[in-house]
Amino acid sequence: HERYIGIAASALHRRDPGHFLDDALYSGDARLRACGLRVVGELGGREDRMTPARLRDHFTNDDGESRFWAARSAALLGIAGAAGILKAFVKPNSPFREEALNLAMRLMDGAAARAWQKDLAAAPTTLRLAFIGAGIAGQAALLPWLIERMNDPALARAAGEAAAAITGV
């Protein structure tokens, strides 16, 4: 518990906790490990050439929280492969769905983002996420579709927020 607090506090003060952070990345305590993985991305460019490999080690971790924070940190550091891992968290029951969507959409090229947004729009359970994705990607071509969806009271707010994100209005 103290190590978790120490690492989190160091990150808040923008100080690298050094070997304590390195140890946390492979801790048997899932909460401490997830904290360490999150902090790596928040601190940005550590002077450690092993950081990409350490993050990739967790791309296949059985613990979903560790896998998410590893992918998020990798995305923030520009490490390849993060978008694919983040996409797996964009599902209705994931607590990381919106943050994963936000980062993954920004990492993709325009065509890939449009294709993924279309896939999300095809399922009723991910339609709201499709609206958010359209707004993140700034897909102005989808404005007529979003405006049409605003006629449905259950979808109006999410579609309107996406339209606002695209237009700034």
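Predicted model: local features only at pLDDT ≥ 70, side-chain atom pairs only at ≥ 80, totals over all residues.
A nonpolar core is here a set of buried Ala, Val, Leu, Ile, Met, Phe, Trp, Tyr and Cys residues joined through side-chain atoms within 4.5 Å, where buried denotes under 20% relative accessible area, exposed over 50%, and partly exposed the range in between (1.4 Å probe, protein chains only). Residues are numbered from 1 along each chain as its sequence is written, and side-chain values rest on heavy atoms, with hydrogens and water left out.

The secondary structure of the chain amounts to 11 helices and 0 strands; helices (H or I, at least four residues) and strands (E, at least two) are DSSP runs numbered from the N terminus. The order of elements along the sequence is accordingly α-α-α-α-α-α-α-α-α-α-α. Along the principal axes, the C-alpha atoms occupy a box of roughly 55 × 30 × 30 Å. Of the 169 residues, 46% are buried. The accessible surface comes to about 9,100 Å², 53% of which belongs to carbon and sulfur atoms, as computed by the Shrake-Rupley method with a 1.4 Å probe; for residues, only the protein chains shown count as cover. Among contacts (heavy atoms within 4.5 Å) with a separation of 6 or more, 53% join residues 24 or more positions apart.

The largest nonpolar core comprises 53 residues, of which Leu-86, Leu-101, Trp-116, Phe-131 and Leu-146 touch the most other members. Helix α3 gives the most to this core, with 7 residues. Leaving aside residues up to four places away in sequence, Trp-116 touches Lys-87, Val-90, Leu-101, Ala-104, Met-105 and Met-108. Three of these partners, Leu-101, Ala-104 and Met-105, are among the buried residues of α7, together with Ala-100 and Leu-103. The cover over the buried residues of α7 includes α5, α6, α8 (110-122) and α9 (127-137).

Within α7, Leu-103 is buried, with a relative accessible area of 14%. Leu-103 touches Arg-72, Ala-75, Leu-76 and Leu-86, residues up to four places away in sequence not being counted. The C-alpha atoms of Leu-103 and Val-169, which are 66 residues apart along the chain, are separated by 23 Å.

The structure holds 6 aromatic pairs; rings of Phe, Tyr and Trp (its six-membered ring) pair if their centres lie within 6.5 Å, with planes under 30 degrees apart classed as stacked, over 60 as edge-to-face and the rest as tilted. One of them is formed by Trp-69 and Phe-96, whose ring centres lie 6.0 Å apart with planes at 80 degrees, so the pair is edge-to-face. This pair links distant parts of the chain, 27 residues apart: Trp-69 belongs to helix α5 (residues 64-76), and Phe-96 to the loop between α6 (82-87) and α7 (97-107). Both partners are buried, Trp-69 at a relative accessible area of 12% and Phe-96 at 14%.

Arg-38 is buried, with a relative accessible area of 17%.

In helix α1 (residues 2-12), the residues Ile-7, Ala-8, Ser-10 and Ala-11 are buried. They cover an arc of only 160 degrees around the axis and therefore lie on the same side of α1, the arc being that of the directions from the helix axis to the C-beta atoms. The face turned away from this buried side carries the exposed residues Glu-2 and Leu-12. Cover for the buried residues of α1 includes α2 (19-24) and α3 (30-43).

Arg-14 follows α1 and is placed in the loop between α1 and α2. Most residues other than glycine have a negative phi. Arg-14, although not a glycine, has a positive phi of about 60 degrees.
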